[in-house]
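Please read it alongside the sequence and the coordinates.

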Amino acid sequence: MGVQLYNSFGRMAEEVMKGSLKRVYGSTTLAELQWIVKNEMVTSIEDVLMRRTRLCFLLGKTEVLPLAEVVGRLLGTELGWSEKQIRE
């Protein structure tokens with residue numbers, strides 16, 4: 001996992017690894033998603049799943065929907081979204 005994180009995050013990999021290493025899909029961890037949301041000026045679930053991780057292209061609809069909820073909750077916490085905004 002360390003090599004993959006280093007390839008994705010460079011010198012910040014060590015910082016990313018301080019978060020939860022629970023895997024959300026394949027080798028992608030909750031820590032990676034948390035770091036992306038907090039540090040990459042993300043403003044939408046689609047931005048995380050399409051541009052930052054490209055997971056939407058790797059997953060089927062039934063797999064991506066639960067992951068979208070996880071990302072929505074992370075964004076909601078970081079950006080102060082309401083429940084309605086998280087679900088949209």
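**Notes on salt bridges and pockets**

1. Lys18 is exposed, at 63% relative accessibility. The model is a predicted one. Lys18 meets Glu15 in a salt bridge between their side chains, at 3.3 Å from N to O. Glu15 itself is partly exposed, with a relative accessible area of 40%.

2. A salt bridge joins the side chains of Glu40 and Arg52, with 3.1 Å from N to O. This pair links distant parts of the chain: Glu40 belongs to the loop between helix 3 and helix 4, Arg52 belongs to helix 4, and the two are 12 residues apart. Glu40 is partly exposed at 25% relative accessibility. Arg52 is also partly exposed, with a relative accessible area of 27%.

3. Arg73 and Glu83 form a salt bridge through their side chains, at 2.8 Å from N to O. Here too the pair links distant parts of the chain, with Arg73 in helix 6 and Glu83 in helix 7, 10 residues apart. Arg73 counts as partly exposed at 36% relative accessibility, and Glu83 counts as partly exposed at 41%.

4. The largest pocket holds about 200 Å³ of space. Its lining consists of Ile45, Glu46, Leu49, Met50, Cys56, Leu65, Ala68, Glu69, Arg73, Ile86, Arg87 and Glu88. At least two lining residues come from each of helix 4 (45–52), helix 6 (61–79) and helix 7 (83–87). By class, the lining has 7 nonpolar and 5 charged residues, and no polar ones. Arg73, a partner in the bridge to Glu83, is one of the lining residues.

5. The second largest pocket has a volume of about 160 Å³. Gln4, Ser8, Phe9, Thr28, Glu32, Ile36, Glu40, Arg52, Thr53 and Leu55 line this pocket. Helix 1 (2–9) and helix 3 (30–39) are the elements that give two or more residues to the lining. Helix 1 gives the most, with 3 residues. The lining divides into 3 nonpolar, 4 polar and 3 charged residues.

6. Is Leu58 buried or exposed? Leu58 counts as exposed, at 56% relative accessibility. Leu58 is found in helix 5, residues 55–58. Between the C-alpha atoms of Leu58 and Val70 there are 17 Å, and the two residues are 12 apart along the chain.

Technical notes:
Residues are numbered from 1 along each chain as its sequence is written. This is a predicted model: local features need pLDDT of at least 70, side-chain atom pairs count only at pLDDT 80 or more; totals for chains, interfaces and linings use all residues. Side-chain values use heavy atoms; hydrogens and water are left out. On a 1 Å grid over the protein atoms alone, a cavity is a set of points where a 1.4 Å probe fits but cannot get out, and a pocket is an open set with protein on both sides within 12 Å along at least five of seven lines; lining residues have an atom within 4 Å of a point. Grid points are joined across faces, edges and corners, and a volume is the space filled by probe spheres set on the points. Helices (H or I, at least four residues) and strands (E, at least two) are DSSP runs, numbered from the N terminus. Ala, Val, Leu, Ile, Met, Phe, Trp, Tyr, Cys and Pro count as nonpolar, Asp, Glu, Lys and Arg as charged, and the others, Gly among them, as polar. A salt bridge is a side-chain nitrogen of Lys or Arg within 4 Å of a carboxyl oxygen of Asp or Glu. Buried means under 20% relative accessible area, exposed over 50%, partly exposed in between (1.4 Å probe, protein chains only).
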